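Please find below a colleague's note on the structure. The comments are set out as numbered points.

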Amino acid sequence: MQHRQEIDRRRSVVVELALGDCYVDGETFNLEKAVCSHGLFMMAPNRWDTLSKTLERPLRLSENINDNDHEQSLLVRITQPFDSPHLLILRVFGTDSLSTIHQRSLLGQVRRMLRLSVEENKRVKEFHEICGEAKERGFGRVFRSPTLFEDMVKCMLLCNCQWSRTLSMAEALCELQLELNSPSSAASFSVADNQNNLNCITTKSEHFIPRTPAGKESRKRARAYGCSRNLLERLTEVEEIVDEGKPNASLTLGFSDGKEVILPKNDICQAATEGSEVSISAPFNPDPSEDRELSSFNQLGNFPSPKGLAGLDESFLATRCGLGYRAGRIVKLAKGIVEGRIQLKELEEACSNPSSSNYDKMTEQLREIDGFGPFSCANVLMCLGYYHVIPTDSETIRHLKQVHRRTSTIQEVQRDVERIYGKYAPFQFLAYWSEVWHFYEEWFGKFSEMPHSRYKLITAANMRRKRNGKCKKLKITSAEKLDV
């Protein structure tokens, strides 16, 4: 059973975000290219609509983990009108009004995802000056999550597994978020029923996902008693952790009230607001004839917050979401944030002006957190704007062999990418990823036009050349184009 939340699209508020100075070389910001620029956009709870060219996902009403509103989310649709490309339209569903504070929070998260800031505009322009191919493709911004916590967890999910499993784990975490936030579903998880639910979940996961090779997973098995604990007990543990970390802190568990979506999420993100104007309209009532937009739909929960994950049993989380060894590391990260030992706000502020001179210092701080090795650290710091280091793995080795005819090893690959992309300093990653992304789309077609059901097919196994040396693009049916 999938736990999903019904969203009433008839109740909504529209907020306008002026793009201001987000023009590069005379060209305006392009939502489609900014979103469909990295695999993070394919991971739940993000949902790109191939027909309307819009991005939908839940966003939190507060970016501060200690605010009660941080545990409340609303579904937001982001659109760039064809006739007003200088604006982004945020349609916020499930509410008739938004306070000024809530508006700022939602806009800050959108700016972070799309990298909308004066500093980022400057970087894109500088990068285009030294990489003409990327300029021609309209590539310059790399999509990321609305919060650093979500980026960090998703970077863990990228390690040591196939892409299809990464997608499955992210979706399972969003489903779990909805379960944790629903009183009916939490109460239904009795000690006797937990194992049956988990058995069904495991069967579903095995059907959807190819298994990661055993050598890359922890040999430790989830213990039965860990999976049979009641969800309500875990929610109580979250309150205890908050109390230990902050004497005056309290946790109000939010549940859906039938009028708006109330879902927990993650930690801090620093919202840059340079050069943009914001306006909000009256409650928006769309044309009743727009059946496709009006119909309520089954929406996944938001990505879990540190509070939502900190009190969970590691074995339960590993089994429920198919996380394997990552479960323990994710729980430790969440606990560190809730208890105040890991300050993501300070980390993000320290990276507000990324440069090669402070990269090593930031890497050392991340490496102190369990679960962050060289690859994960490089990915997190890329999300924070450090573009001079390329996160390398087996996919990098494959790319160098297929595109540059260079045979490399895991020990040599960092040296090899520097030789190839060093001329683009300090934007080596952007040059590399522009090339990789373009290569992917030559094989699979434009990702902005690909139905969600096909995301899991983007694997190295499907990129092997046929005997005639040609590649065969995936065929997309009419039904898949409509994503039905």
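1. The model is predicted: local features need pLDDT of at least 70, side-chain atom pairs count only at pLDDT 80 or more, and totals for chains, interfaces and linings use all residues. Residues are numbered from 1 along each chain as its sequence is written, and side-chain values use heavy atoms, with hydrogens and water left out.

2. Helices H5 (residues 148–157) and H17 (residues 374–383) pack with their axes 9 Å apart, at an angle of about 150°. H5 is therefore roughly antiparallel to H17 (an angle over 145 degrees, on a scale from 0 to 180 degrees between N-to-C directions). The crossing of H5 past H17 is right-handed.

3. On H5 the contact (heavy atoms within 4.5 Å) involves Leu148, Asp151, Met152 and Cys155, and on H17 it involves Ser376, Asn379, Val380 and Cys383. Of the residues in this contact, five are nonpolar, two polar and one charged.

4. H17 is mostly covered, with eight of its ten residues buried (under 20% relative accessible area, 1.4 Å probe, protein chains only). Among the buried residues are Cys377, Ala378, Leu381 and Met382. The packing partners of the buried residues of H17 are H5, helix H16 (359–367) and helix H20 (428–444). After H17 comes Gly385, with a positive phi near 105°.

5. Arg57 lies in strand E6 (residues 54–60). Its relative accessibility is 1%, so Arg57 counts as buried.

Terms used
Helix = DSSP H or I, 4+ residues; strand = E, 2+ residues; numbered from the N terminus. Parallel < 35°, antiparallel > 145°, perpendicular 65-115°, else oblique. Left-handed = near helix turned anticlockwise from the far one by under 90°. Nonpolar A, V, L, I, M, F, W, Y, C, P; charged D, E, K, R; others polar. Buried < 20%, exposed > 50% of the residue type's maximum accessible area, 1.4 Å probe, protein only.
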